Amino acid sequence: MLLSEELFSSHEKAVAMPSVVYHYCSMASFLSILKTNSLRLSNITKSNDPTEITNVIPVLKEVTKDVLTDYNKQMSTQYQFADNTISLLIDRFFEDLSKNFYVICFSEKRDLLSQWDRYADNAKGVAIGFNTRHFVKLQIETGSQYIFGKIIYDQNVLVRSVEHFLRHEIDKKWRSCDDLHNMNLIENVTTNLVCTILQFSVLFKDEFFLEENEWRLVYNPLGRIRRLGYASAYHDRLLETDQYRHEQSGFTRTGYQFVVKGNSISSYVDLSFESIRDALIQEIIIGPKSSLRPDDKDLQLFLAFHGYRISKLAIEGKLVLSKSDRPFQ
């Protein structure tokens, strides 16, 4: 996985990339995905978890303040930061205008009861298995606009990474007798840290969700985020990306589209995989409470009509169709 090497290298060395990840969904969503050969990436701020993105802020503030206090004390009074400087800097970068991520979620678990219950229409839907190497390729070829990563549920990973990053970056450029240089150094290093954390904040979740073993494909239209000082600049940047784009890795992204969600409006983008569909989709698992079975003639007709070939074994270009064997009341 290709997260920021300088920030998350120790965590990422311990993460094994699964060859397949599973998207649990309703039967209607399943039909739509295969019919249109596309994945829908939804605005993360309209998810059902209100702590998305912002849950890293308290930890980031506390650790950053603790570390920088050590350096602050080494400078003369006139160059020292006020107590609330770091907190204000972090808030500035995490303002609402910067939180514009589009996400689709997967699990590395192929037949998990909690996933069936929460995301697959009370176990009457399906789980679609996707080949991860194509998501990794998308991330590599598009730079910072796409992230494919495993959710981090342990806040200690963030604590250790932030502390290591700050001390390493400051120590290698610290000048013991140049307070002006050191003041600017601390601000620049902190700004770089916060921008990086903001970019990957979408990959941190509360440990309550640990069982999900979640992976995410994230589209970030602003790329490596820097603060946009006013709303029109933010909207101008988004409008610049509002077009169909053929990514080098075989995906095609639509412009922004909108749907009513509850009593709100939610934006989304669709990511077409038509040119690589035979290699991307590996498996379909029918939910344990579904009345549908793998030998259902209409299901097989639907798959054949849309160009999908079925196999009992995992063979390139063919998909494995099966029924969940999980007991579900």
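This report describes the fold, one hairpin and several salt bridges of a predicted model.

## Overall fold

The protein chain has eleven helices and 13 strands. Of its 329 residues, 53% are buried. Among contacts with a separation of 6 or more, 79% are between residues 24 or more positions apart. The accessible surface is about 16,200 Å², and carbon and sulfur atoms contribute 50% of that area.

## The β9–β10 hairpin

Strand β9 (residues 257–261) and strand β10 (residues 264–272) run antiparallel and are joined by five bridges. K261 has S264 in β10 as its bridge partner. Two residues lie between the strands of this hairpin, and G262 in the turn has a positive phi of about 65°.

## Salt bridges

The structure contains 15 salt bridges. One of them joins the side chains of K61 and D91, with an N to O distance of 2.9 Å. K61 belongs to helix α3 (residues 57–72) and D91 to helix α4 (residues 85–93), 30 residues apart. K61 is partly exposed at 23% relative accessibility, and D91 is partly exposed at 34%.

Within helix α7 (residues 155–171), E163 and R167 form a salt bridge whose closest N and O atoms are 3.4 Å apart. The two residues are separated by about one helical turn because they are four residues apart in the helix. E163 has a relative accessibility of 33%, and R167 has 26%.

Salt bridges with shared partners connect E52, R118, K205, E212, E214 and R216 in one network. Among these links, the side chains of R118 and E212 meet at 2.6 Å, N to O. R118 lies in helix α5 (residues 113–119), while E212 lies in the loop between α8 (179–200) and β6 (214–219), 94 residues apart. R118 is partly exposed at 40%, whereas E212 is buried at 2%.

Methods: Residues numbered from 1 in each chain as written. Predicted model: local features only at pLDDT ≥ 70, side-chain atom pairs only at ≥ 80, totals over all residues. Heavy atoms only, no water. Buried < 20%, exposed > 50% of the residue type's maximum accessible area, 1.4 Å probe, protein only. Contact = heavy atoms within 4.5 Å. Areas by Shrake-Rupley, 256 points an atom, 1.4 Å probe, with all protein chains shown as cover. Pairing = 2+ DSSP bridges. Salt bridge = Lys/Arg side-chain N within 4 Å of Asp/Glu carboxyl O.
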